[in-house]
Structures are given as structure tokens and as C-alpha cells.
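Please look over the structure shown here. A short report on selected local features goes with it.

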Amino acid sequence: MDLVISTDVLAAFCERASKFDYVTVDTEFLRETTYWPKLCLIQAATEDEAVLIDPLAPGLDLTSFFDLLANPQVTKVFHAARQDIEIFVKFTGKVPVNIFDTQIAASVCGFGDSVSYDNLVRSITNVELDKSSRFTDWSARPLSEKQRRYAVADVTHLRDIYKELRKQVDATKRWDWVEDELGVLRSIDTYVVQPEQAWERLKMKINRPRDLAALKRLAAWREKRAQDSDQPRSRVLKDDVLFELAMQRPLTPDAFEKLRAVPRGFGRSSAAAEIMTILKEVEALSKAELPVMPERYRGPSPKGAVGDLIRVLLKSVAEQHGVAARIIATSDDIDSLVLDDAADVPALKGWRRKLFGEKALDIKHGRVGLVATRKGVIEFAVKDAVAVE
């Protein structure tokens, strides 16, 4: 299959595609050495044709394809869409309109959490895909015939998967589940990282207000520097270095040399000079200007009996509805809702709250109990407790 390298040929395909109800879409990109993904190939298919579009071709204008992505009359079908959509947001500043993610649909239809494309192809079409080209260099030209076959298969089998999953979602009446999940993909905030919010992605804990103030500013500095230089965050500074800098706050080049996480000689670099300026500003903050730390929780441990009961409930609900437990709630979700009735976690939002979250809160507060029967675990209102065989 030849690559589309002509603007006129691409525009003609997009015009034909706009007459169909849906188009399947995938991309190949590189990101190992950059902050922003480098788009190397776009695959797209309608009911009766498939194309490979070469975004690296000199002079190729992708406007007609971006217009197709923005067409509300055509459903854009992806599998595990987040990174593909991030690429298009970088080009256009907008999220494609009317999207459908087969990984999301598969998860609510009982195929498990984050099911892979090749596993879905195997389950639904009985075809075994050759994935040996997955990690090849997609920026190199010419693409081999094997690479082209691999790439086109990512959108041709997707047609059958999409049609089958639509039937299953209809049959299970779980469109509200799918819509809740697609809401995250439709939000541009999912793809645009503001430097001031970068600290929220970090996993390690900070216990002192001034340390937290330093971490927030250092994370914002790293994010902006990574974006501006188009290199991965970890190549600017690794997470453990950020935390050590936030807690130790070196203010001289020599002070950097005493830190284990910082490379030798780093204190004399331009990056260190910028960091020292940030840390001096943090040291100058008054107590009133420091971030307020959340109050330390003093209730039951999320790893204790209450959490255990809620995990039993989760397993029961998952078995009852034929989906993986992790689709409904994660262990972190359960820990959070034990600590806080209004925790900002998926398990307490949308369809998950109706299915599981409300029951979990009822168990937490003793309004509902669990009992094991020969048919499995069932819930009962405590005030209406009955003897069960």
C-alpha cells in the first residue's frame, strides 16, 4: 500500500470518508527523546477503504484530515485514544469531535481493564496479529511492506471491533458507562498540562508547607523547561531529584554537591542557577503565603476492616455485572473513600457511584451489611437484617 503524500489525494479521501457514519483512526509516533510526540504516520479507514497518511511528506497539508476529525456527523473510532488525541490537540488546539474508544467500550463489556488491541482482535475476529513491527522506527523512510501491513491492520480490524462492541453496549444498556468514560477523553484539560499543575502528578508525599511550596514551583519550572526544549521531564530532572531539592533547598552551588540525587557539577549549571532563584523566593515566603497542608486524617485506617469489607463488596459487584473489579474501583479509590465521603475519585462519580460507590459509603457508615450465601455475597439493610441460610 502506497503512502498518501499528496494534499489533493488526502483531501479526496477525506471527502469520501465524510459520507460514512464512522472512520477508524490510529497513529504511529516517537516520543522517547521528546516532550511532544513526533507524529510519523496516520492510519484511517472507512467501510470500504483504508489509507496510510505520511505527515512527514514535504508539502503535505493535513487540514482536510483535521476537518474530518472536527466533523460531528462522522464518529472517529480509536483504540486507547488518549495519546492519539494528544497529538491532534497539539496540531489543532482542539479535541476531535464525536469520538469512540474501543478500549473503553471493551472494558464495560467485560473484556477487562485496558485490554490491548491485539487481544480484542483475537477475541472478536479470531485473527492473530503480527505485532513485531510495534517498536520499529516509524520516522525512517521508506517504510517496509511489513510495517505498512502492521499499520493498516490497526484500523481495518478496528472496524469489526467497533461494530461488535456497539452491539454489546446496546445489549447491556451501558451507554451511560461509556459516555462517562468518554467525558475524560473529550476534555482538552486531559491533554494540556499547565506547568502550575504539574506537581499534582507526582507520587511522593510532602509533609511541610515550605517543602510543598518549593515542590510546586520546581515542578512548574521543570514542566515549562521540558515543554520549551521539547525533551522528556526526566531529562530535565528526575522526580526524586525534585523532591530532594524541595526538601533540602540548596542555595549555593556547593550545597548542590552534598545532595545524593543531583549529578556532580550540576550546581554550576544554568539550570541550577534558575533553581536557586526559585528556592530563594520560597525561603522568603511568609508563613501566611505558604500552602495550607491538609489536616491529618485520624479515622479508621483504609487498610483496616472497613476497607476490607468494601473490597468484598467490590468483588461481589464486579462478579454480578461481569466486569473486572478494577474497572469499577481501584484500591486507591477504596482507600480514599474510607478516608473521605467526598473523595475526588472515579468510584464516587457517574455510573460507578450508582453501581458501587453509594453502597460502599453505606457499608462504611453501617447502613448496609454483607452476608455470604451459597449464591455469593449479598447486601442487606442493617435495620432489616434477616437470617440467611
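Predicted model: local features only at pLDDT ≥ 70, side-chain atom pairs only at ≥ 80, totals over all residues.

**Asp84**

Asp84 belongs to helix 3, which covers residues 82–92. The residue is buried but forms no salt bridge. Its nearest side chain of opposite charge is that of Arg31, at a distance of 9.7 Å. A salt bridge requires a side-chain nitrogen of Lys or Arg within 4 Å of a carboxyl oxygen of Asp or Glu. Asp84 does have a polar partner: its side chain makes a polar contact of 2.5 Å with the side chain of Thr27. Thr27 is also among the residues in contact with Asp84 once neighbours within four places in sequence are set aside; the others are Asp26, Phe29, Phe78 and His79.

| Partner of Asp84 | Relation | Distance |
|---|---|---|
| Thr27 | side-chain polar contact | 2.5 Å |

**Helix 6**

Helix 6 runs over residues 145–172, 28 residues in total. From first C-alpha to last it reaches 40 Å, close to the 40 Å expected at 1.5 Å a residue. Lys173 follows helix 6 and has a positive phi, near 55°.

**Ser286**

Ser286 sits in the loop between helix 12 (270–283) and helix 13 (305–321). Ser286 counts as partly exposed because its relative accessibility is 33%, and that class lies between the buried limit of 20% and the exposed limit of 50%. Between Ser286 and Phe13 there are 61 Å in space, C-alpha to C-alpha, and the two are 273 residues apart in sequence.

Terms used: Residues numbered from 1 in each chain as written. Heavy atoms only, no water. Helix = DSSP H or I, 4+ residues; strand = E, 2+ residues; numbered from the N terminus. Buried < 20%, exposed > 50% of the residue type's maximum accessible area, 1.4 Å probe, protein only. Lys, Arg positive; Asp, Glu negative; His and termini not counted. Polar contact = N/O pair within 3.5 Å; in protein donor to acceptor, adjacent residues only side chain to side chain. Contact = heavy atoms within 4.5 Å. Expected span 1.5 Å × (residues − 1).
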